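Please read the numbered points below with the model open beside them.

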Amino acid sequence: MFRLESFAVFESQSNKWILETLSRHGHVISLPEIALEKTEAFFKPINVNAFDWILLPDTIVTEIFVEKLQNDNFDLFELDSVQICAFGEAVATLLRHYQIHSDIISTSHHHNKIFQAIADYSNHQLRDIKFLALKERNSYEPLVEILQEKEAKVTEFSLYEIKIKDRKNLVRLKALIKGGAVDAFIFASPNEVTALRVLFQEPLESLLANMQVFAVDDLTFQTLRENDLRPRHFEVLLLR
């Protein structure tokens, strides 16, 4: 049985039981609680029907996008006329909750694989195709440049920004991760996967390469796999 002595987890009210459980198994390093702040773009009108495709990279932006549409009194059934690319099963599951279709559900968050799926779906006819790329303010999506190289017309729309209360602690945690001082990272939701990727501006497969990764639920497990990680279920720790 592998030996784990130090754990990292996001701090939040809903994760309190995880922190308490982990404290009985070893040293716990908590990340600052995530706060989401809507950008000014959230309050501006957007003509969704002017686009051929909508790119939804994570569950956070998907939830906020749907909220915006509802606030704008937009009929969600009108999205049937637009192609939608869901980056992963968690996004697709959230869309199903709102009875919104997904034309493509990517099994990987790697930009080259997502591009290939879009290109195949479009018979490689991407010139002048209009894409709406929804995003977090500080996130970078390489897929946008690839589509633009193929002469597609891409409009990026930043709907929210991830804020944290204590950035110094975040810098300290990254140093601990890079230095091998953290044995395992526990994720409780797909939103936490997105937040870590955005906050550290680094692919998770390289950031977390030297530690065990655990998921509290099946959808988070799938999201981690889509980010090229090899997660374990959190229940494994409870049996130690």
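**Notes on the predicted model**

1. Not counting residues up to four places away in sequence, T59 touches A90, V91, L94, P190 and N191, where a contact means heavy atoms within 4.5 Å. T59 belongs to helix α2, residues 59-71, and helices (H or I, at least four residues) and strands (E, at least two) are DSSP runs numbered from the N terminus. The side chains of T59 and N191 are joined by a polar contact of 2.4 Å; such a contact is a pair of N or O atoms within 3.5 Å, of which, within protein, one must be able to donate a hydrogen and the other to accept it, while residues adjacent in sequence count only if both atoms are side-chain atoms. T59 counts as buried because its relative accessibility is 9%, the classes being buried under 20% relative accessible area, exposed over 50% and partly exposed in between, with a 1.4 Å probe and protein chains only.

2. As to the basis of these notes, this is a predicted model in which local features need pLDDT of at least 70 and side-chain atom pairs count only at pLDDT 80 or more, whereas totals for chains, interfaces and linings use all residues. Residues are numbered from 1 along each chain as its sequence is written, and side-chain values use heavy atoms, with hydrogens and water left out.

3. How many cavities of 30 Å³ or more are there? The count comes to 1, and the largest cavity holds about 60 Å³ of space. Its lining has 14 residues, of which D58, T59, A90, H109 and T223 are the closest to its centre. On a 1 Å grid over the protein atoms alone, a cavity is a set of points where a 1.4 Å probe fits but cannot get out, a pocket is an open set with protein on both sides within 12 Å along at least five of seven lines, and lining residues have an atom within 4 Å of a point. Grid points are joined across faces, edges and corners, and a volume is the space filled by probe spheres set on the points.

4. At least two residues of the lining of the largest cavity come from each of α3 (89-97), α7 (190-200) and α9 (218-226), and α7 gives the most, with 4 residues. Of these helices, α3 has A90, V91, A92, L94 and L95 buried, and the buried residues of α3 pack against β4 (53-56), α2, β5 (83-86), β6 (104-105), α7 and α9. After α3 comes Q99, whose phi is positive, near 60°.

5. Beyond residues up to four places away in sequence, T220 touches F187, A188, S189, P190, V193 and A215.

6. The largest pocket contains about 630 Å³ of space. Its lining is made up of 30 residues, with H109, Y140, E141, P142 and R197 nearest its centre. Two or more lining residues are given by each of β7 (130-136), α5 (142-149), β8 (153-164), α7 and α8 (204-207), and β7 gives the most, with 4 residues.

7. The second largest pocket has a volume of about 190 Å³. Among its 14 lining residues, S12, I34, S189, N191 and E192 are the closest to its centre. Two or more residues come from each of β3 (34-38) and α7, with α7 giving the most, 3 residues.

8. The largest nonpolar core has 57 residues, and I54, F185, L196 and L208 have the most contacts inside it; a nonpolar core is a set of buried Ala, Val, Leu, Ile, Met, Phe, Trp, Tyr and Cys residues joined through side-chain atoms within 4.5 Å. Another core lies apart from it, with 18 residues that include F87, I114, A133 and V144.

9. Finally, E5 is found in the segment before β1 (6-10) and counts as partly exposed because its relative accessibility is 42%. E5 and V28 are 23 residues apart in sequence and 8.6 Å apart in space, C-alpha to C-alpha. Leaving aside residues up to four places away in sequence, E5 touches G26, H27 and D183.
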